[in-house]
Each structure stands twice: as structure tokens, then as C-alpha cells.
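Colleague: I'd like to go through this one with you and ask where the labels come from. Can you show me what we have?

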Amino acid sequence: LYERKIALKDGSSDTRSGYWVHVDGALGAAYMPFLEKIGDIDFPVFDFQIPEVHSICMSGHKWIGAPWPCGIFMSKVKYQMRPVENPEYIGSPDTTFSGSRNGFSALILWDFISSNSVKRLTERIQRGEELAQYTLQKLDEVKEAHKGLELWVEYSPHALTVRFRQANDRIVFKYSLSNETLYVDDDEPVRAYSHIYLMDSVTKGLIDKLTDDLKAKDAFKSDEALNECKHIHGRGLGFK
């Protein structure tokens with residue numbers, strides 16, 4: 001499958017791989033190139049630096065901050081899946097999926113890229129990394145306030161996401177926290193998490209307010225409530 005001959009309609013042929021590796025970059029693909037420029041940082045390479053990668057997509061509404069969901073799909077030209085169409089009614093080549101020409105999204109992404117230098121974007125992600133570490137430090141204080149209660153604080157190196165035990169409904173609503181129930185293991189089938197994304201709009205002051213609220217005695221769902229959650233969201237429902 002590594003190399004095989006492909007017959008084309010015009011009678012010619014091309015040698016291509018018989019597999020397709022696609023990277024769903026989502027949030028990370030927007031900032032990892034700038035994180036790479038900070039210096040001696042060990043993180044996994046997942047882009048076109050790997051010859052076997054055929055395509056990548058990334059979200060424009062996450063780290064970049066477009067006001068509605070949009071994405072960018074990138075593929076090497078030699079792996080283009082279909083020829084460029086040239087519809088007469090727009091007078092321009094069209095490479096979007098199914099003619100989904102959203103010029104406004106493209107304009108917003110162009111404005112972001114043209115308005116921010118590489119240096120500025122590198123500083124921006126560096127600030128996000130520092131804020132993630134600050135959040136972990138503040139959550140250590142929350143742990144001290146809830147001795148005996150496992151908070152499941154989790155963080156992947158160089159991510160902008162921090163997870164912890166699901167907060168009560170009042171705190172979730174106040175800070176618009178995202179919640180997710182994840183499959184863990186046989187001894188503890190599922191855990192209910194809240195997680196925060198350390199986007200550019202987040203400040204240390206906001207983290208301070210959140211963690212102060214998380215120190216309250218009733219800040220987290222009780223074991224009984226989580227056990228009820230386990231009963232409802234069993235393994236049979238296909239949780240990860």
C-alpha cells in the first residue's frame with residue numbers, strides 16, 4: 001500500500017500511496033506552529049513534516065476565535081481528491097466542499113493572520129502556556145481546601161485545556177464550564193469532568209475568581225451524585 005500506480009482518465013498514470021493519513025488538528029493545529037518557535041520544547045510533531053501525512057484540518061472558531069464554526073482543510077496538491085471546478089456563475093475557481101463558499105469566514109481568518117505577526121502569535125501562545133501552569137497551581141490550592149476528595153486534575157503538556165472533577169451547577173453556569181463524562185477503567189467506569197480552555201480572553205484574575213469559588217464546601221458534585229451519574233451513563237452507552 002505504500003506506493004501503487006493509479007490510472008487517470010486521460011490515459012496517464014500517477015504513483016500514490018494506497019492509504020490516507022488525516023490529522024484532525026482542531027484546536028491544537030492553530031497554535032502548535034507558534035509553540036514550536038518558543039525554543040526547546042518537546043512535543044509531538046503531527047503535520048506535513050511527517051511524509052506520510054496526507055491532509056490536516058483545523059478549527060477557525062477555537063484558538064483563532066472566529067464568531068461561528070468554520071474550519072480549514074489542507075492537503076498536498078498531488079493528493080487533491082478532485083479537480084478544481086470553475087462554475088460560470090461565480091467566475092472563479094471553486095475548491096470548497098460542495099460549493100460551500102463562505103467568504104465571510106475566509107475574510108475573518110485572513111484578518112486574524114494579517115493583523116498578527118509571528119512574534120505576536122508566539123507570545124500569545126506562550127502566555128496561554130504560562131496561564132495553564134498558573135491554573136494548575138491554583139487548583140493545588142483547591143485540592144488543599146477539599147482534602148479527602150479526589151479532584152482528578154488532569155493536564156496534557158502544552159495543551160490549553162485543564163480538566164477537574166465536575167463542579168456544581170451554579171459554578172458551571174457562572175463560568176460557562178464545559179462538562180464531559182469520560183470512560184476511565186473497569187474499577188471506576190466513568191468520571192464526570194468540568195474543563196476549561198485557556199483562550200486569549202482568559203486572565204489570571206478570572207482564574208482566581210473561579211478557583212476561589214471552587215474552594216467552597218459545596219463546589220463539587222458529591223460522590224452520591226457522581227455515582228448516580230455512573231448509573232445513568234453506563235458503559236453500555238458507549239462512553240470513551
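Colleague: Which backbone oxygen does the side chain of Ser-17 reach?

Modeller: Keep in mind that this is a predicted model. The side chain of Ser-17 gets to the backbone oxygen of Tyr-19, at 3.3 Å.

Colleague: Why is Ser-17 called buried?

Modeller: Its relative accessible area is 12%. Buried means under 20%, so Ser-17 gets the label. Ser-17 sits in the loop between β2 (13-16) and β3 (21-26), and its contacts beyond four places in sequence include Leu-1, Arg-4 and Tyr-79.

Colleague: How do you know that Arg-165 lies over the face of Trp-152?

Modeller: Arg-165 is 4.9 Å from the ring centre. The distance limit is within 6 Å, so that part of the test is passed. The angle to the ring normal has a limit too, within 35 degrees.

Colleague: What about Trp-152 itself, buried or exposed?

Modeller: Buried: with a relative accessible area of 8%, Trp-152 falls under 20%, so the word applies. Trp-152 is in the loop between α3 (118-145) and β6 (161-165), and has a positive phi of about 55° although it isn't a glycine.

Colleague: Why is His-158 called buried?

Modeller: Its value is 18%, and that is under 20%, so His-158 counts as buried. His-158 also has a positive phi, about 70°, without being a glycine.

Technical notes. Residues numbered from 1 in each chain as written. Predicted model: local features only at pLDDT ≥ 70, side-chain atom pairs only at ≥ 80, totals over all residues. Heavy atoms only, no water. Helix = DSSP H or I, 4+ residues; strand = E, 2+ residues; numbered from the N terminus. Buried < 20%, exposed > 50% of the residue type's maximum accessible area, 1.4 Å probe, protein only. Polar contact = N/O pair within 3.5 Å; in protein donor to acceptor, adjacent residues only side chain to side chain. Contact = heavy atoms within 4.5 Å.
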